[in-house]
Amino acid sequence: MILSNSPALVPLSLLLAAIVIPMAAFRRRWLAYPLALCASAFATGISVVNIIRVLTEGTIHYHFGGWIPPIGIEYVLDPLSSFVTLVVNAVSLMVLVHARRSVAAELPDKSMPFYAVVMLMLTGFNGIILTGDFFNLYVFLEISSLALYGMIAVGGRKSPIAAFRYLIMGTVGGSFYLLGVGFIYMTTGSLNMADVARIAPSLHQQPALVAALGLMITGLGIKMAIFPLHGWLPDAYTYAPSASSALIAPVGAKVGVYAIIRVIFYVFGVEFVRNSLPITEILAWLGAIAIIYGSIQAIAQKEMKRMLAYSSVAQIGYIGLGIGLANPYGIIGAVLHVMNHALMKACLFLVAGNYRLKLGHSTIPRLDHRVRRRMPWTTAAFTIGALSMVGVPPTVGFFSKWYLALGTIQNGRWLFLTALLVSSLLNAVYFFRILEKVYMKPLEGEAADDGSVSLDEAPASMLVPTLVLGIALLLLGLLNAVIVTGIISRIVPPGM
Amino acid sequence: MKTANYIVLLLFTGLMVYASLGLPFRGDPNAAIHADESVAHSPGAAAYYIRNAKKDAHTDNMVTVILADYRGYDTLGEETVIMTAGLICFMLLRRRKEEKDENL
Amino acid sequence: MRTYRPNPIVSLVSRLVSPFIVMFALYVIFHGHYSPGGGFQGGTLIAAALILIRLSEGNEAAQLQFPRSWGTPLGSLGVLIYFGTGLATVLMGGRFLDYSVLHLSHHVSMSRSYGILMVEIGVGLAVTAILVSIFDNLLEGNPDV
Amino acid sequence: MFDFIVGHYAYWFVFILMAIGLYGMIIKCNLVKKLIGMSIFQVSIILFYVAGANKWGATVPVADPALGTADPAKYINPLPHTLMLTAIVVGVATMGVALALVITIYKRYKSLDETRLLEQMRKEDDTE
């Protein structure tokens, strides 16, 4: 029974937790956290089962209510969706383990609704990833967006403004997507993605279908925060509470990326897209601009969370570039970077959270070598994360850049290759200035108070997930070939 | 910034007018959304609902049957959306007991 | 803090109308199978009746009718009714929300009909409770009240 | 030509509404006016779907024993109506959250003007 319903169980178990938490934890606040953790762990377990099933049995279709697709709603479990659900759930589980202390410190009286909203956000993400129906995707997109607005707005004094700006942008995005679905439905008469993929080629560049493609990519681009539409991202990540930004940053924008990959490569197909609007070309250019712009902005920031937010803009640029190249290496690089960036960003945001808890701040100019003495393990995790962001070989960050570079070479786009190389240098600038502060010997005058610094590491519940993610960055880098040949190479859509 | 927004607005309106050229005539019973069978020979959902809703669920109102049965999962999502909104309002606006006493 | 002055006409009319709104709402929910209507529409109407009392009689008096603290748990209960129906279908061996396996009646189609009714009741309860709770929370957060 | 106008004028009016809503959302500075624009935009999308569901000479999608259910041409398309019920609920939920945010912002800053709010936010950033 669990096996035959396994695709649906991932979002449903999280949804059940979201329903039960407000009832069970209304009087007993302490129940909220264990329930959320159990649901997240269960969802991760089911995602592992799903990926094994996909690798052995091939693509699995799950029909809700037993109705076949154009009539009812279906979930599609293929290598891409099973891989992305596993990444989203595993990273969120790690961050949730870490979140207990920082939620208790920052949102002491709001823990019950906070965990329920986190569960709803994850329900929305998993629903978006697994669904094979356009309108169902919209519903789950709105669930996750609403939950994101709420999670951002519970922060400090400035967070409601950031959340409101995100809400306006996000609603424009969601409505554009819904309008695009309307055009698709009016011209093809179907809401099922596979069905539309069969019908669309016979309609020959119908204006309404072309407009639908443009509207959907714009709408999802806002959710993904690709360069000119990224305005909501830095404020939202900076002013959200630590636990929220650590949960949102690794996986939040990736869902938009995933939906764009689905729409471009699996529904309309590369041929249709190339002949109608130069969407892939635009995405590649925007990606390249975002890489440079985000990196330069990140250098200028003083606050660690804000710096990481701008570096997210740059990293999403890499993914946009990979999608825009529209060749097998580009897709492999983009999907691999979805996983890598989720792991790296989670690791770095957890480090920022640890610093905030123990030092009371995460401002870059105020970090110095004493931090290394005081929190050696956290600093070690930070070092691995930073090296991975720069793209130093044994870490995962190197391999996705490698595939993206191969993709640019295959298409002969030397300008994009230059952008990739320059951005690595810029990444090195903004991470090494922190590493320099932490590792270099102090100046003569400051050496006096060296002895007074004692070991004061973050508590185990926060340290363990940080270290697990740090080790995962190294380990998955070494196992990279297995992942690419085993799963990601099967993702490359047909006809490419 | 303002000019950029006006340009976005103009672009959007232009795109919409362009798109409307390809839309089927309103009320045309032969349009793709009303069709029995799509171009790719998959069954057309709307015609199927009209024919079979009464038979399948013993219910006259087709909208109810689609809402709760054929596309019931969408409606579960809809309930989840409104529950999310309720929880967020609760999280943002509900004051603590002590705070309330101070204000009174 | 604004003071509340009762107005006899407003009070009388809203007290008089409110039960009829609730009755009509129940008709909309339960007659949704045969005429336009359903859980969401009916739930909104019940919420309108409750909010009408809150507006005319003042927030304190209305607490006797539907206490503020019920909103979130009752809303979750409504969603749980919907979810539970789906879970029951899974436990009976069908796909999620496949009401035909519930065997509520001899005929498969009647079984589906009852399944739809259960779901609509859940929707109505959730919408009622959550709309009232959103109203209460907006009122509570309002700096001028 | 005239046929084309008769077949499409409803969509054009909906697009005008959309442009008005989008204007309110991205150009107006007052937060509540933005929300009014958002509401107009969402309602215009609902109208777009419902306009597309129309069939000349058909009736509401409630099975009528006198008409039977064998001929789909006798009932208008029920699917867009169902989808829009869901979209209405999503709009209501978004509006609820947005109003909660507006109340919180007003409580903290005593202003609803976006440019002034952003100015104040940057000023607070610098003093920290």
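## Chains D and C

From its N terminus, chain D has the element order α-α-α-α, which amounts to four helices and zero strands; helices (H or I, at least four residues) and strands (E, at least two) are DSSP runs, numbered from the N terminus. The model is a predicted one, in which local features need pLDDT of at least 70, side-chain atom pairs count only at pLDDT 80 or more, and totals for chains, interfaces and linings use all residues. Residues are numbered from 1 along each chain as its sequence is written, while chains are lettered from A and ligands numbered from 1 in the order in which they are written.

Chain C reads α-α-α-α-α along the sequence, with five helices and zero strands. Its radius of gyration is 18 Å, well over the 15 Å that the globule rule gives for 145 residues, so chain C is more spread out than a compact globule. The radius is taken over C-alpha atoms, and the rule is 2.2 Å times the number of residues to the power 0.38.

A residue is buried if 20 or more other C-beta atoms lie within 10 Å of its own, exposed if 12 or fewer, and partly exposed in between, with C-beta atoms placed from the backbone. Two residues are in contact if their C-beta atoms, placed from the backbone, lie within 7 Å.

| Property | Value |
|---|---|
| C-alpha extent of chain C along the principal axes | roughly 60 × 30 × 20 Å |
| C-alpha extent of chain D along the principal axes | about 75 × 35 × 20 Å |
| Buried share of the 145 residues of chain C | 47% |
| Buried share of the 128 residues of chain D | 44% |
| Contacts in chain C with a separation of 6 or more that join residues 24 or more positions apart | 62% |
| Contacts in chain D between residues at least 6 apart that join residues at least 24 apart | 46% |

Confidence is expressed as pLDDT, the predictor's confidence in each residue, from 0 to 100. Chain C averages 88, and 95% of its residues score at least 70. Within chain C, helix α1 (residues 8–30) has the highest confidence, at a mean of 93, and helix α3 (residues 59–62) the lowest, at 81. Where pLDDT is low, the predicted coordinates should not be read in detail.

## Interfaces

The contact between chains C and D draws nine residues from chain C and 10 residues from chain D. On the chain C side, helix α5 (residues 108–141) gives the largest share, four residues. That side divides into five nonpolar, four polar and no charged residues; Ala, Val, Leu, Ile, Met, Phe, Trp, Tyr, Cys and Pro count as nonpolar, Asp, Glu, Lys and Arg as charged, and the others, Gly among them, as polar.

Between chains A and B, the contact takes 46 residues from chain A and 36 residues from chain B. At least two residues of the chain B side come from each of α1 (2–20), α2 (45–57), α3 (62–70) and α4 (72–93) of chain B. The largest share, 14 residues, belongs to α4(B). By class, the chain B side holds 23 nonpolar, eight polar and five charged residues.

A:Ile71 lies in the loop between β1 (60–63) and β2 (74–77) of chain A. Residues up to four places away in sequence aside, A:Ile71 touches B:Pro43, B:Ala45, B:Tyr48 and B:Tyr70. A:Ile71 counts as buried because 22 other C-beta atoms lie within 10 Å. Its C-alpha atom is separated by 9.1 Å from that of A:Ser190, 119 residues apart along the chain.

## Helix packing in chain A

Helices α15 (residues 376–390) and α18 (residues 460–478) of chain A have axes that come within 9 Å and cross at roughly 35 degrees. Axes are lines fitted to C-alpha atoms, for helices over the stretch in contact, and angles run from 0 to 180 degrees between N-to-C directions. The contacting residues include A:Trp377 and A:Ile384 of α15(A), and A:Leu467 and A:Leu474 of α18(A).

A:Pro394 is placed in the loop between α15 and α16 (396–411) of chain A. Beyond its neighbours within four places in sequence, A:Pro394 is in contact with A:Leu474, A:Gly477 and A:Leu478. A:Pro394 is partly exposed, with 16 other C-beta atoms within 10 Å. A:Pro394 and A:Asn480 are 86 residues apart in sequence, and their C-alpha atoms are 9.7 Å apart in space.
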